[in-house]
Amino acid sequence: MAVIVIKVAVVVGAFFLFGQANVLFSLGIPALVLHAGLLVAIAVLAMWPKVHGRITVPPQGSAFAETKAPHIGILLHSAARYDALAWLLTGGRERAFRERILSFARLKPGDAVLDVGCGTGTIALLAKQKVGPNGRVEGIDASGEMVARAMAKAERAKLPIAFSTGTAQDLPYKDGEFDVVLSTLMFHHLPKRGREEFGREALRVLRPNGRLVIIDFARPLRQRSFFRFHRHGHVDLDQVAIDLEKLGFNIVEQGEVGTKELHYLIAQPVASASSLGADQWNNGSD
């Protein structure tokens, strides 16, 4: 409820400021209506009931297990509204935004890629184009609605991508299946314990020379980010790096994406990362 009140206050305040700007700078009614319409659309999509929810582990046979089922992450329900909101927040440049994010994975033809928290499949489709016909791309998401929309997109694009419904903490794949595991704008949806479990699963399904690529919202340095439409918080990737090293990863690269307070982190299983070295990774992947 507090989040909704804050968002309504932001929209109302924006309307007031646009009105003042129109008086002072003669922006004109069309410009005012355009901006107001965009704000209304974003507000509706951000606050629409049932767009967000929570997912829990299914009960395992007992009443005690049912009452104690742990919260394992935030589940997005409305796939169509998710795509619409993404389009609005990127100013109609969602593909370019996703391409920028995916560039940090440095995919090569023939790579086997797993997109964890694939959403409506936009990243997975771009990844398939990069790995080519000899490459493999799979996507997994806890939301059945998201997976259904992703499958429809892949069918329209005539791209052979396998999408599955499942959680990041229990990946339904064999050991050492993938060259790259992607987590793009998903990691902040997981609770602390869920992040650790995902790290273990990512390490398990990666090949010895594979890599985990995490891209997410960084923890803001100041409270100026309090009034944001982004709802689910941020990730301290420095702490994530420490946690991944404890699980058996080496951090070979991390830094700023350069847009929307996003940061990236690239990690490899210890054996391959120590033999490759961060400098060799940087030189060999450009």
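Mentor: The discussion below takes the terms one by one.
Mentor: This is a predicted model, in which local features need pLDDT of at least 70 and side-chain atom pairs count only at pLDDT 80 or more, while totals for chains, interfaces and linings use all residues. Residues are numbered from 1 along each chain as its sequence is written, and side-chain values use heavy atoms, with hydrogens and water left out.

Trainee: How many helices and strands does the protein chain have, and what makes a stretch count as either?
Mentor: The protein chain has 11 helices and 9 strands.

Trainee: Why is Ser-143 called buried?
Mentor: Buried means under 20% relative accessible area, exposed over 50%, and partly exposed in between, with a 1.4 Å probe and protein chains only. Ser-143 has a relative accessible area of 1%, and therefore is buried. Ser-143 lies in the loop between β4 (136–141) and α7 (144–157). Its side chain reaches the backbone nitrogen of Met-146 at 3.2 Å.

Trainee: What makes that approach a polar contact?
Mentor: A polar contact is a pair of N or O atoms within 3.5 Å; within protein, one must be able to donate a hydrogen and the other to accept it, and residues adjacent in sequence count only if both atoms are side-chain atoms. The distance from the side chain of Ser-143 to the backbone nitrogen of Met-146, 3.2 Å, lies within that limit.

Trainee: Why is Arg-193 called exposed?
Mentor: Its relative accessible area is 63%, so Arg-193 passes the cut-off of over 50%. Arg-193 is found in helix α8. Between Arg-193 and Gln-169 there are 9.3 Å in space, C-alpha to C-alpha, and the two are 24 residues apart in sequence.

Trainee: How do you know that the buried residues of helix α5 are on the same side?
Mentor: In α5 (residues 94–103), the buried residues are Glu-94, Phe-97, Arg-98, Ile-101 and Leu-102. They cover an arc of only 130° around the axis, so they lie on the same side of α5. The arc is that of the directions from the helix axis to the C-beta atoms.

Trainee: What makes β5 and β8 edge strands?
Mentor: The open sheet of 7 strands has the order β5-β4-β3-β6-β7-β9-β8, with mixed pairing. Its edge strands, β5 (162–165) and β8 (249–256), each pair on one side only. Two strands pair if DSSP finds at least two bridges between them. The antiparallel pairing of β8 with β9 (residues 262–269) has 7 bridges, so it meets that requirement. Glu-256 stands opposite His-263 in β9.

Trainee: Which strands does helix α9 lie across?
Mentor: Helix α9 (residues 237–247) lies across β7, β8 and β9, running at about 165° to β8. Axes are lines fitted to C-alpha atoms, for helices over the stretch in contact (heavy atoms within 4.5 Å), and angles run from 0 to 180 degrees between N-to-C directions.

Terms used: Helix = DSSP H or I, 4+ residues; strand = E, 2+ residues; numbered from the N terminus.
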